[in-house]
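Hi,

Here is the model I said I would pass on. Have a look at it first, and then read on for my notes.

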Amino acid sequence: MRPFRPSRRGLLQSAATLAGGALAAPLVARHALAADAIKVGSLLDLSGPIGSSGQAMHATIRLAVEELNVGGGLLGRPVELVNYDTQSTIQLYSQYAQQLALKDKVAVVHGGITSASREAIRPVFDRYATLYFYNVLYEGGVCDRDCFCTGTTPAQTVNKLVPYALETWGKKAYIIAADYNYGQITAKWMQKYVRDGGGTVQATEFFPLDVTEFAATISKIQQAGPSVVLSALVGSNHTAFYRQWAAAGMKDKIPIASTTFGLVNEIATIAPSESNGVVTSYGYYEELSTPASTAFTKAVRAKFGDGLPYISELACANYEGFKLWAEGVKKAGSLDRMRVTEALETGIAVDGPSGKVTIDHATHHVVRNAYLARAAERKWDVFQSYPDQAPADTAAVCDLIKEPKLSKQFVIDVKT
Amino acid sequence: MALVALIAFNVANSIAVLVLLSLGLGVIYGMMRVINLAHGEFLMLGAYTTVVSANAGLNLWVAMLVAAPLAVGLFGLAVERLFIRFLYGRIIDTMLATWGLSLAVVGLVTTVFGTTVRGVSAPFGGFAIGGYQTSVYSWFVIAVAAAMAAGVWLVLRFTRFGLVVRATMQNPDMAAALGVSPQRIYMMTFALGSALAGLAGGVLAPVSGVSPVMGGAFIARAFITVLGGGPAIVTGTSLASGLFGSISEVATFFTTPVFGQVALLLAALVMIRILPQGITGSGLTGRLLRRSL
């Protein structure tokens, strides 16, 4: 074999290219800055256990940004998305939140998926006066004028799911939930609504996110003999519950209603024999057949292909959250945080894929539609819709009109 | 009465899962003192091999019992040739290398298959113990775990390969002087351990949430079991699985899943305090089981 001998001319050429590239690079960068794009921050888990939720959310916010830029941008300037992959790691959330606020100096941040991540970054954006949108369904109760929560909360969804379950299947409920703030607080809401509906809660069990064995729990549930299992299990490890439940032949014996099933793509990853019949309630389903919804899913699928996970409420609300912010900026005519906040507080609304979404001044949450659906052959069969649901849970404890200085998360006090 | 039988069955299932999770790791650690931090990812690769080949039309049993151990065994062979063989006797370095490997494998699988994959469901359905439903598939899990432990034991005890492996484990220099190549034995043992991990991942795939990061949920339990078991690979791992499996399952049933995890860790702590070399390595049990495998 001949040893590799570079020719002199070749070497000179590559050296020239390299030098040219090195000289050109700063020019390109300076040019991009000169365009004076509005920077929008995004913090989403694109890898790790929460990654399947984050990828669809990342896709829809990119679509929203692209649509805005095609339509001429915002205040005559293009919008540039700065996204960091937080890798399902809370430390990275805090780190990247500071980076977005201090180094990138973004106009707004849309992001956070789990409630744990939200509570890690919300104080950072409060401290550095950066407007923050949390576009994920969650347990409710955040009362903070610097933050807008655009996903559904328990009064909008759990309050539909639990009464439906009690009326359809019976009054005895067994609650299983993930062991962190979302699961703990959602379980309290479930207990409240079960009691309000005249039912009884037989037991409430919490599972750390790395639990993969559910045999003991499946036995305990049978021992209690509930009429319905209410699940707020989270993440891909917990998917094992539905598998083991079906493997034990329990699926057709005790029905399951869930506030989380489907959010990590379960509808596609587990077999219909394991998922059929599970009932959920969310603010959006990909199967919704309104023109706005079909146009949205078509645009998402056209841009990102069929490999993208299910387009759930998370992905839809992230899209709508960005649009709400853009409307706020247009109305304010400025990127200033207070002016945008005040503009949003006038009750700005957008017509999104899920229907009309309106900002509620008192809570900084949104009034939006809610739906009930049943899993059937890898699809959601949406069988009930509830238009214009108010965030009544947060409204009961939070009034930012009277107390604009508040910045905390209320936890509902359920009497047990 | 039915409840007692049901709990006993659940305990057996829980022990079997621990045996499945830890035997491959035990073989690699017990033989070569190589701490394979990528063990969880080997299990994950087994699960992925099963679901991907089953979805592609391969018979589920072939996918689980043949494809998964074969694929992961070959992968282990490649890993041993490319990384591990340069690092024998350097525990910290192997830990670092295998940890890096685990990150790379998770990244690679995520890139190729995405963060979720269409799984396979468990065959057989359920059966009743008294008034309680439980899974027939658990019988299969228990059977595979038992067969795996028995198989490794029989190979070590009765075959020429087993004899050579044991000799190499005890004294590699003397074995080499007698004409055995320790390098070759290490390579084969590493591949065997990997294949066992692959088989375990394959068998657990239908009852797990299969994702690129699933290994993280298994690795701690596997390590605790192997360290608790001590130097005798099969006896130690089985006894430790028995102990930890019963404790965590009974604790989970009578209290909560959180306390089930706490109980397992507490049991491991207490045991390592009393028997620092594991069940088969120290104390009375260590003397009794000194000659076990």
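How much area is buried between chain B and chain A, and what percentage of that do carbon and sulfur atoms give? The buried area comes to about 3000 Å², with 54% from carbon and sulfur; that is the accessible area (1.4 Å probe) that two parts lose on being put together, summed over both. On the chain B side, T115(B), Q133(B) and P257(B) lose the most area to chain A, together 18% of what that side buries.

Some housekeeping before the rest. This is a predicted model, so local features need pLDDT of at least 70 and side-chain atom pairs count only at pLDDT 80 or more, while totals for chains, interfaces and linings use all residues. Residues are numbered from 1 along each chain as its sequence is written, chains are lettered from A and ligands numbered from 1 in the order in which they are written, and side-chain values use heavy atoms, with hydrogens and water left out.

Back to the interface. Contact here means heavy atoms within 4.5 Å, and 41 residues of chain B touch 41 residues of chain A. There are 0 salt bridges across it (a side-chain nitrogen of Lys or Arg within 4 Å of a carboxyl oxygen of Asp or Glu). What the rule does find is 14 residue pairs in polar contact, both residues at pLDDT 80 or more. A polar contact is a pair of N or O atoms within 3.5 Å; within protein, one must be able to donate a hydrogen and the other to accept it, and residues adjacent in sequence count only if both atoms are side-chain atoms.

Which elements of chain B give two or more residues to the side that touches chain A? They are α1 (2–32), β2 (132–135), α9 (215–229), α10 (233–254) and α11 (257–274), and α1(B) gives the most, with 5 residues. Helices (H or I, at least four residues) and strands (E, at least two) are DSSP runs, numbered from the N terminus.

Now the rings. There are 32 aromatic pairs over all chains, where rings of Phe, Tyr and Trp (its six-membered ring) pair if their centres lie within 6.5 Å, and planes under 30 degrees apart count as stacked, over 60 as edge-to-face and the rest as tilted. F42(B) and F75(B) are edge-to-face, with centres 5.6 Å apart and planes at 65°. This pair links helix α2 (residues 39–55) to helix α3 (residues 60–82) of chain B, 33 residues apart. F42(B) is buried at 1%, whereas F75(B) is partly exposed at 26%. Y48(B) and F113(B) form a tilted pair, 5.5 Å centre to centre and 45° between the planes. Y48(B) is buried at 3% and F113(B) partly exposed at 36%.

Last stop: S334(A), in the loop between α12 (313–332) and α13 (337–345) of chain A. A polar atom of the S334(A) side chain lies 2.8 Å from the backbone nitrogen of D336(A).

Cheers

Note on methods
Buried means under 20% relative accessible area, exposed over 50%, partly exposed in between (1.4 Å probe, protein chains only).
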